[in-house]
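Look at the sequence and the structure before you read on.

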Amino acid sequence: MQVRDCIVSAPGKAILHGEHAVVHGKVALAVSLNLRSYLQLKATTNGKVSINLPNIDTFLCWDSNELKRLISDSGGRREEGKLLDAELVRRLREFVGVTNGNLDTRNMATLSFLYIYMSIFGSGELPSMTVSVWSELPTGAGLGSSAAYSVCLSAALLCASGAIPAPLKEWDHTARWCQEDLELINSWAFQGEMIIHGNPSGVDNAVGTWGGMLRFLAGKIIPLSRVPLLRILLTNTKVPRSTKVLVARVKDKINKFPTIMIPVLDSVDAISCTCERVLSEMTCEPITGEHYNILEELIDINQHHLNVMGVGHPALDTLCRVTLARGLHSKLTGAGGGGCGITLLRPETDSFVVQSTAQDLRDCGFDCWETSIGGPGVQQHSPVSVKEEVLEILNKY
Ligand SMILES: Nc1ncnc2c1ncn2[C@@H]1O[C@H](COP(=O)(O)OP(=O)(O)O)[C@@H](O)[C@H]1O
Ligand SMILES: C[C@@](O)(CCOP(=O)(O)O)CC(=O)O
Ligand SMILES: [Mg+2]
């Protein structure tokens, strides 16, 4: 079976408000970033399935017959849906050598690739191919690299299998799928996230699929079209962390102190709703300093709540302190425990203040950059539309 070649990309995301609370059915507001993961899928005829993941130094190759043996009697392929095929996951964990509780970066990426690949192609012949992924996002830092990875995998593999069409026409540079196809991509990406995260809310894969800013509540995705242009400084404390571990930590805390923690989650929900209202007001009335004052206070309150949930880190405290010394307000974004934070820049914040703050943060050993938000969701690319340096990395394998 010869499959179609393709190049796809998906954006990372920043959560403005609602991380962790969203896992427990509360509202989150999230926005896509102009930092993307890229995947190239090339059909081969050597009977091998290869993955090249240079960001995490992982290069693996299997015989497709060897993989086929893992699914021949595992109960068949699973269509889109929320639940994983537990038997296939068990076999794959054994095959990849994942012992219970082993959260190794490489194993998670390998497992989610194999799971999506085998679930999509499992009922027929397993095609040989080489899949290479390169990301501009830091991995494991709160910017949704796992979701961008899962969205790219599901879009490329669904497209290669013919389950969804390739939207790119001869004359296009980039193209996007129709709503129905995006929903299918999103549902498979959610399964990839389940393997990497354990218990994802689905907000990250939704942003990776649709892009822009969205409100997410219990699986319901509402794109927010009326939002003001926000200037955001992104800081990566470079403290490594795992979303899976942090999500489990919050769950344990809720189970241990339900009457204390549930009001905290409710308060985060109210913060997301208040933020959404203020953002919408800012698009239909003149933007005032008071709008920004409220946004800043919401950031401060939420950061305290995230500390109460147990997902803070001294490096994130440093980020908040250093930016506040320049009059700027920050909170962690994503799962916390290290990783990245966002700092809101006011329209009048002049570039000297931004530069000096960024320098202060770099002096703490952090990476820091002003970012534009609202990048497009998953898309297919012609090779000429991919930055040369990215194409060079993808073509190396
Ligand atoms: N470019 C990539 N190549 C391979 N695996 C990736 C890539 N990006 C993300 N991953 C997978 O996602 C995991 C990180 O996910 P997670 O802990 O949710 O952090 P985040 O999504 O905030 O970056 C990595 O350990 C790896 O398994
Ligand atoms: C903590 C959480 O709300 C966001 C995790 O984002 P990230 O993997 O840290 O980028 C988990 C989730 O929504 O699934
Ligand atoms: Mg993630």
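Ligand 1 lies between domain 1 (6-222 + 376-395) and domain 2 (227-371), because both give residues to the shell around it. The domain bounds come from an automatic or database domain assignment. The model is a predicted one: local features need pLDDT of at least 70, side-chain atom pairs count only at pLDDT 80 or more, and totals for chains, interfaces and linings use all residues. Residues are numbered from 1 along each chain as its sequence is written, while chains are lettered from A and ligands numbered from 1 in the order in which they are written.

Which residues come nearest to ligand 1? They are Thr105, Ala109, Ser145, Ser146 and Thr243, out of 23 residues around the ligand. A residue is near a molecule if its C-beta atom, placed from the backbone, lies within 6 Å of it. Helices (H or I, at least four residues) and strands (E, at least two) are DSSP runs, numbered from the N terminus. By class, the shell around ligand 1 has 9 nonpolar, 14 polar and no charged residues. Here Ala, Val, Leu, Ile, Met, Phe, Trp, Tyr, Cys and Pro count as nonpolar, Asp, Glu, Lys and Arg as charged, and the others, Gly among them, as polar.

## Ligand 2

Ligand 2 is surrounded by 17 residues. The closest are Pro200, Ser201, Thr243, Gly334 and Ala335. Helices α6 (203-210) and α7 (243-256) are the elements that give two or more residues to this shell.

The shell around ligand 2 has 7 nonpolar, 8 polar and 2 charged residues. Each of domain 1 and domain 2 supplies at least three residues to the shell around ligand 2.

## Where the domains meet

The centres of domain 1 and domain 2, taken over C-alpha atoms, are separated by 27 Å. How many residues of domain 1 are in contact with domain 2? There are 30, and they touch 35 residues of domain 2. Two residues are in contact if their C-beta atoms, placed from the backbone, lie within 7 Å.

On the domain 1 side, β1 (6-17), β2 (28-43), α5 and β7 (213-217) each supply at least two residues. That side divides into 15 nonpolar, 12 polar and 3 charged residues.

## The whole chain

The protein chain has 12 helices and 13 strands. Its radius of gyration is 21 Å, close to the 21 Å that the globule rule gives for 397 residues, so the chain is as compact as a globular protein of that length. The radius is taken over C-alpha atoms, and the rule is 2.2 Å times the number of residues to the power 0.38. Along the principal axes, the C-alpha atoms fill a box of roughly 60 × 55 × 40 Å.

Buried residues make up 47% of the 397 residues. A residue is buried if 20 or more other C-beta atoms, placed from the backbone, lie within 10 Å of its own, exposed if 12 or fewer, and partly exposed in between. Among contacts with a separation of 6 or more, 75% join residues 24 or more positions apart.

## A helix and its partners

Helix α10 covers residues 314-324. Its buried residues are Ala315, Leu316, Leu319, Cys320, Val322 and Thr323. They pack against β9 (231-236), α9 (289-308), β10 (329-332), β11 (340-345) and α11 (351-363).

Most residues other than glycine have a negative phi. Asp57 has a positive phi of about 55 degrees although it is not a glycine. Asp57 sits in the loop between β3 (48-53) and β4 (58-63). Is Asp57 buried or exposed? Asp57 is exposed, with 8 other C-beta atoms within 10 Å.

Ala218 also has a positive phi, of about 45 degrees. Ala218 is found in the loop between β7 and β8 (220-223), and counts as exposed because it has 11 C-beta neighbours inside 10 Å. Glu285 is in the loop between α8 (258-284) and α9. With 9 C-beta neighbours inside 10 Å, Glu285 counts as exposed.
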